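Colleague: I am new to this structure and would like to learn how to read it. Could you take me through a few features, one at a time?

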Amino acid sequence: MIRLHESKMLQTLHQSLSQCIPEAMKVYGSIFNIIRGNPFNLEVLVDSWPDYQTVITRPQKQPMMDDKDHYTNTYHIFSKDFQKLPAILECDSVINWKQSLTIEGCQNGLNEKIQDVVAFKSVKVDYSKRFLYMTEDVFKFIASNASKLMKSNEVASLENVTFKRTNNNFKLSLLDVSHAEFVNNNWKYRQNEKSLRFIKRCLQNFPGFYLLDPEGNPIAWTIMEHTNEVRMGYTLPEYQGRRITQWMGINCMQYLKETNMPFYCQVESMNESAHRLMKSLGFQLLDSGWHEWKCVPVEF
């Protein structure tokens with residue numbers, strides 16, 4: 001595999017991947033943020049250049065010091081050639097199979113190939129498939145602005161955003177690192193120091209939103225992570241089903257649109273309320289799906 005590090009190469013690759021959305025959305029979002037300052041210290045691998053078939057983004061060696069931190073040890077994959085993919089993935093120089101790790105992608109054919117590789121590795125794998133959602137506006141933005149990326153990864157304030165809907169009873173604000181613990185405590189895949197560290201890194205570098213009630217207490221929130229996926233959404237039980245989340249979602253989307261941030265979401269199959277919310281906000285359900293493999297060495 002070839003490591004791309006020159007800015008022009010990354011720009012060229014990023015523009016090329018814009019023609020492969022939504023299947024390439026994970027690597028596209030990663031490279032979007034690498035170009036804007038690379039706050040998660042990621043690197044990009046391709047099988048050949050410039051006529052690539054497979055792209056993998058992963059952390060640089062230094063951040064992957066904790067062998068049991070699958071939040072950090074994360075790989076994002078896009079491939080045009082599934083037949084050659086197993087030979088790439090089985091290489092320890094590409095994926096460190098001696099660590100707990102996570103692999104993510106947005107292609108239906110990936111699971112069979114990854115399972116073929118895992119069968120010959122001493123690891124336990126937990127595979128999840130979820131529904132992938134994007135809006136038409138994001139598709140248009142990616143198609144028209146692929147080569148016009150911002151260079152800064154600073155989180156813009158809310159002051160200059162023109163919100164389409166207001167609510168005198170609730171206030172939308174930006175999360176910061178001080179809110180990481182209550183986000184972690186209410187995240188389904190959390191409640192450990194490693195997940196807390198991951199959330200802190202997200203809040204230091206990407207927008208996170210929360211809604212305050214009239215007393216100033218947080219009642220709903222969601223954050224963006226390093227591939228531009230908006231996730232970890234949560235609403236306190238007493239406020240669920242009151243269309244508050246829809247109002248929050250409309251304004252979060254307006255912020256991301258005005259700050260030129262492409263975004264997407266994934267929803268578990270049984271989460272009917274989240275599916276209804278996505279559709280009410282104008283998201284499109286995409287056939288490619290969202291796929292994740294959590295791999296843990298058997299000796300762990």
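Colleague: Let's begin with charges. Which residues are linked in a network of salt bridges?

Modeller: Side chains of opposite charge can pair when their charged atoms come close. A salt bridge here is a side-chain nitrogen of Lys or Arg within 4 Å of a carboxyl oxygen of Asp or Glu. In this structure Lys26, Glu104, Glu225, Glu229 and Arg231 are linked in such a network. Before we go on, please keep in mind that this is a predicted model, where local features need pLDDT of at least 70 and side-chain atom pairs count only at pLDDT 80 or more, while totals for chains, interfaces and linings use all residues. Residues are numbered from 1 along each chain as its sequence is written, and side-chain values use heavy atoms, with hydrogens and water left out.

Colleague: How many salt bridges does a search of the whole structure find?

Modeller: The search finds 13. One of them joins Lys26 to Glu225, with the closest N and O atoms 3.5 Å apart. This pair links distant parts of the chain: Lys26 is in helix H2 (residues 25-35), and Glu225 is in the loop between strand S9 (218-224) and strand S10 (230-235), 199 residues apart. Helices (H or I, at least four residues) and strands (E, at least two) are DSSP runs, numbered from the N terminus.

Colleague: Are Lys26 and Glu225 buried or exposed?

Modeller: Both Lys26 and Glu225 are buried. Buried means under 20% relative accessible area, exposed over 50%, and partly exposed in between (1.4 Å probe, protein chains only). Glu43 and Arg58 also meet in a salt bridge, at 2.6 Å from N to O. Glu43 is in strand S2 (residues 42-46) and Arg58 in strand S3 (residues 54-59), 15 residues apart. Both Glu43 and Arg58 are buried.

Colleague: What about the salt bridge between Arg197 and Asp69: why does Arg197 count as partly exposed?

Modeller: Arg197 counts as partly exposed because its relative accessibility is 39%. Asp69, at 2%, counts as buried. The closest N and O atoms of this salt bridge are 2.9 Å apart. Arg197 is in helix H7 (residues 193-205) and Asp69 in the loop between S3 and strand S4 (74-79), 128 residues apart.

Colleague: Now to the strands. In what order does the open sheet of four strands run?

Modeller: Two strands pair if DSSP finds at least two bridges between them. The order here is S7-S8-S9-S10, with antiparallel pairing. Strand S7 (171-174) and S10 are the edge strands, each pairing on one side only. Five bridges join strand S8 (residues 208-212) to S9. Leu211, for example, has Ala220 in S9 as its bridge partner.

Colleague: Which strands does H7 lie across?

Modeller: H7 lies across S8, S9 and S10, at about 80° to S9. Such angles run from 0 to 180 degrees between N-to-C directions, and axes are lines fitted to C-alpha atoms, for helices over the stretch in contact. Contact means heavy atoms within 4.5 Å. Helix H8 (residues 244-258) packs on the sheet as well, touching S7, S8, S9 and S10, and its direction makes about 140° with that of S8.

Colleague: How should I read the aromatic rings, and how many aromatic pairs are there?

Modeller: A pair of aromatic rings is described by the distance of the centres and the angle of the planes. Rings of Phe, Tyr and Trp (its six-membered ring) pair if their centres lie within 6.5 Å; planes under 30 degrees apart count as stacked, over 60 as edge-to-face and the rest as tilted. By this rule the count comes to twelve. Trp49 and Tyr52 are stacked, 6.5 Å centre to centre with 15° between the planes. Phe209 and Tyr255 are edge-to-face, at 5.1 Å and 80°. Phe209 and Tyr255 are buried.

Colleague: Which residues do ring pairs link into a cluster?

Modeller: Phe40, Tyr71, Trp187, Phe198 and Phe206 form that cluster.
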